[in-house]
Amino acid sequence: MLILTCPHCGIQAEETELHNGGEAHLKRVGPDGSDEEFEGYMFARRNPRGVHLERWRHAYGCGKWFIAARCTVTLQVFGTYAAQTTTPPDHIVQAVRAARPDWNPTEEGASE
Amino acid sequence: MTHVPPFRLPRGGRLIDRSDQLGFRFDGRHLRGLRGDTLASALLANGQMMMGRSFKYHRPRGPVASGAEEPNALLGLGQGGRFEPNQRATTTALVPGMVTRSQNCWPSLDADIGAVNDWLSPLLPAGFYYKTFIHPRPFWKHVFEPVIRRSAGLGKAPTDPDPDLYEQAYGFADVVVVGGGIAGLQAARDAAAGGGSVTVLEQSPHWGGRTPIDHAGGQDAIDALLTDLRAMPGVTLRRNCMATGLYDHGYLIAREALADHDPNQGIPRQRLWRIRAGRVITATGALERPLSFACNDVPGVMLASAMRDFIDLHGVAPGQRIVVVTNNDDAYRTALIAADAGLDVAAIVDARPQATGDLPQAVRDRGIEVLTGSAIAKVKGRRHVEAVAICDQDGEGKITRTVECDAVAMSGGWSPVVHLYSHCGGKLTWDDAQALFRPDPDRPPLGADGQGIAQAVGAANGDLCCAGDLERPEGATMPVWVMPARAPHKLRAKMWLDYQNDVKVTDVELAAREGYASVEHTKRYTTLGMATDQGKLSNINGLAVLSGALDQPIPATGTTTFRPPYTPLTLATIAADARGEAFQPLRKTPMHGWHEAKGASWEPVGHWRRPYAYPQGAEDREAAVAREILAVRKGVGTLDASTLGKIVVKGPDAGRFMDMMYTNMMSTLKVGRCRYGLMCNENGFLMDDGVVARLSDDTWLCHTTTGGADRIHAHMEDWLQCEWWDWKVFTANLTEQYAQIAVAGPQARTLLERLNGSIDLSADALPFMAWAEGDLAGIPARIFRISFSGELSFEIAVPAARGLELWEKLHDAGADLGITPYGTEAMHVMRAEKGFIMIGDETDGTIIPQDLGLDWAISKKKADYIGKRAQRRLHMVDGTRWKLVGLQSLDGQVLPDGAYAATDQVNANGQRVTEGRVTSSYRSPTLDRPVAMGLVRHGPARMGQVLEFPMPSGAVMKARIVDPVFYDKEGSRLNG
């Protein structure tokens, strides 16, 4: 059971207090999107073996959404940050790269 | 006078109290053991070597081990609700009055019919079921499976509720040491010396593990360590506490036995520990491996260490004349302890060409014969060991001599207990010198910080030659996977690997020949390691045999996956006190007690309990529902609607946000008005509905379904926080802040006007779909003119604390009007009569509002809303989608809910093509006939057509497609 620190309230929360929301930084495709664009947004989710940026809600705590950068293989957590951003903040990118020098946030989850 | 059973040694037994005799029963026989016995040692002391039968061939079996890895001595314990099957006799402490019984045999352990399988064993190879029961196909379901099911399964599940108490507890420690042997205690002392909290968990009731048995001075060393540890701050020592699994980020589950042996003390029987460990040190020791020689499963053949335990710990002789067979020095300790106990050690059969260390020398000094380079060709005897035939290890089994004996102590070397280390990602490495897998310190399981969280010490780390600070000089082990080395098929077919599941060397070899090269596949094909011991005893032997058959090194074969729990947990322990009323919290509305007092028949809705109906006297539920409906249609009724979700959305951008959440245009709703709204998910499917009221310029109140309140609130927050975080909007879930009462029926206004409120309730002042605020009977109230019943209806929201007061005032004031409380079923039937949809009935997560004819509730003007893009997809605008219609059965019978309409066409599978299904179906008391709704292909264009609904009985029900509004189509009642 994972432990993630909620960046909003600072609590080290156990997985049972959290609700997983899947891949982070999705770009919403609205009414003007093509079928292909909408399909990609709605269904084509990354499921990387490695570094993943994923949404979590501190559901049984402060109720706020945040994003965790973690490795799906080793379970290492590189950091958590508030969901109100479209890209991972610099300190998170640096924390991941300290352990995974080749990691590129824009290719996050590219299959191995 | 003290009675000494025949197999109890005259002296010795460090754990038993010879002055305290305990009576118990085994298969109805009254036996006696001693305080400190395990069930296995007590049975052995009574001469009961045979304790069970194997699963497949029903061969007689005795204990082969003395611990958690025991595959044979599994018994049913206790009676009634306390009965537990498959309990290991080797780890179960004897309790006075214990009632035990053997398993997997009929009519009795001694005369078991199923033993015929043993004679048929050449016909029952690996994969037998898969190969045999394939054809003819219908036979599997009707003949083979029922028969196999009856004969399968060990033990029997208890049927009565478990009467005992269980609990859970949370623990936190900087370091958790698992294993209270010498390695664990030393590691704990070292860890505690650096400060911080250290918890030591030991599975058995005794500290020290094997050290007190195997080493002179061992007990003193353990006692000294315990003395040190007890004086150190921050150290917690827990015995009877089995660490069963290590999970992500140092989450350790352990089961502590508190009153297993006397469940009548009023304290919990077991406690499930959920421990967050900063670091875990596995000092879990090692398990001895059997040797694979022919008939190595005859009762009386056991692990050398187990025999040593029975003699040394319990003063029990597993036999009077013992042969030791080994590939290592450690088994010589068993010979020494047996000889010290006065037992006859007939010979040591050592597979190694030479045995020259201190231990073999000590044995030779006792005059015990050591046969090096030798092997057991075969064990003679069926129900107990009678003799062993000796041969050369480096040969084909030619018998050189026969040695009479009544017990065999075998040792095939040791396997570190690596389970916890492996549970959440730690990797193993093959130690070729010692022929064992041990934890790879370079690839431990990792914590959140990326650092290793587990470390193995002592025998668990493959460190077999020293016990903590005590030296254990021993000669090298020689890997022996088959005995003798070139044993022919006839002998290999009698060499057991997995005792409980009857998997033999030849079964694994057959699997390899048939192409099962992966150890995981071989496991499932042969059932090797799938018994209750989960391969603890014999998996290494099995994968060594597989490696041999595949002609590859053992690490290339690898191990199967180690999964928690290490030993079985009862479901009661996992559930702990979350059962009965405490299983989940119950949500109660302010009027709950009133409903209860009126004899409400409850319907669970989420965590709520809502009155389904209020049966009176001898009335059944159906009659009560009909009465309630007619009372509402003709007079006035009240429904407790407090469970409906109430979410306030407020802020400068609230209107914009509401337009995204709902398919309707909510931003244009006027203050003081209500609108029925639909909410879809981004995939376009209808997820919730409810009435929205605009409370002020920047405030909307959203009513949701009872089950949807929390989910919809979370949905709103998700979009607000993660997509439109710059929008100035707050949401608040106020569901429990308000009690809400629906007052419905032609007399509703009359009733409310009697309560002297400040609100003008006339149709002009408060028309349908309007709301007003004021007070009613002295209670601050919001009155919504909305209707789910189709009648003149007011929903009144008041502060939760005053809900019961209003409810009672309504019933006092309406007595002469025949005011009737109605439940959820009356509500459901009335909305179906009116053709209103119900989330969960007409929707199932694949229905879009357009399917339900709700296009009028979808704004055409809005550029966007959640689900809009999805609803434009090809399949969503496909004209063949099933759409909502009413269904009128032709024979006056109620259509079964969920029934499918079938056409005359058949599909590729020979099934009739369906063209619709029933989504809601009731007998309408109002109309005195059935009403139903359903989704039908091209439904609205097919009014008047008749559909066929084939029934499971073969009969066919017919129904005509009609308008879904069965009652008051013009809406004159609801607008009244």
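**A colleague's note on chain B and its partner**

1. Helices here are DSSP runs of H or I with at least four residues, strands are runs of E with at least two, and both are numbered from the N terminus. The phi of B:T527 is near 70°, which is positive although the residue is not glycine. B:T527 counts as buried because 20 C-beta neighbours lie inside 10 Å. As for the cut-offs, a residue is buried with 20 or more other C-beta atoms within 10 Å of its own, exposed with 12 or fewer, and partly exposed in between, the C-beta atoms being placed from the backbone.

2. A word on reading the model: it is predicted, so local features need a pLDDT of at least 70 and side-chain atom pairs count only at pLDDT 80 or more, whereas totals for chains, interfaces and linings use all residues. Residues are numbered from 1 along each chain as its sequence is written, while chains are lettered from A and ligands numbered from 1 in the order in which they are written.

3. How confident is the predictor? For chain B the mean pLDDT is 93, with 96% of its residues at 70 or more. This score is the predictor's confidence in each residue, on a range from 0 to 100. Where pLDDT is low, the predicted coordinates should not be read in detail. For the complex, the predictor gives an ipTM of 0.96 and a pTM of 0.90.

4. Back to the loop between α14 and α15 of chain B, where you will also find B:Q534. Its phi is near 50°, again a positive value in a residue other than glycine. B:Q534 has 20 C-beta neighbours inside 10 Å, so it counts as buried.

5. Helix α13 (residues 505-513) of chain B packs against helix α14 (residues 519-526) of chain B at an angle of about 125°, and their axes are 10 Å apart. Axes are lines fitted to C-alpha atoms, for helices over the stretch in contact, and angles between N-to-C directions run from 0 to 180 degrees. The two helices, α13(B) and α14(B), are therefore oblique to each other. Under 35 degrees counts as roughly parallel, over 145 as roughly antiparallel, 65 to 115 as roughly perpendicular, and the rest as oblique.

6. Which residues bring α13(B) and α14(B) together? B:D507, B:V508 and B:A511 in α13(B) meet B:T522, B:Y525 and B:T526 in α14(B). Contact means that the C-beta atoms of two residues, placed from the backbone, lie within 7 Å. By class, this contact has three nonpolar, two polar and one charged residues. Nonpolar covers Ala, Val, Leu, Ile, Met, Phe, Trp, Tyr, Cys and Pro; charged covers Asp, Glu, Lys and Arg; the others, Gly among them, are polar.

7. Helix α19 (residues 621-634) of chain B and helix α24 (residues 824-833) of chain B pack at about 60°, with their axes 9 Å apart. That angle makes α19(B) oblique to α24(B). From α19(B), B:V625, B:E628, B:I629 and B:V632 meet B:E825, B:A826, B:V829 and B:M830 in α24(B). The residues of this contact divide into six nonpolar, no polar and two charged.

8. Helix α8 (residues 304-314) of chain B has eleven of its eleven residues buried, so it is largely enclosed by the rest of the structure. Among the buried residues are B:R308, B:D309 and B:D312.

9. B:C241 belongs to strand β11 (residues 241-247) of chain B. Is B:C241 buried or exposed? It is buried, with 23 other C-beta atoms within 10 Å. Leaving out residues up to four places away in sequence, B:C241 touches B:L201, B:E202, B:Q203, B:A254 and B:E256.

10. Two cis peptide bonds deserve a check. One runs from B:M483 to B:P484, with omega near -5°, and B:P484 is in the loop between β28 (470-471) and α12 (489-492) of chain B. Another runs from B:P564 to B:P565, with omega near 0°, and B:P565 is in the loop between α16 (554-557) and α17 (571-575) of chain B.

11. Finally, the contact between the chains takes 23 residues from chain A and 21 residues from chain B. On the side of chain A that touches chain B, the largest share, three residues, comes from helix α1 (residues 35-42) of chain A. By class, that side has twelve nonpolar, seven polar and four charged residues.
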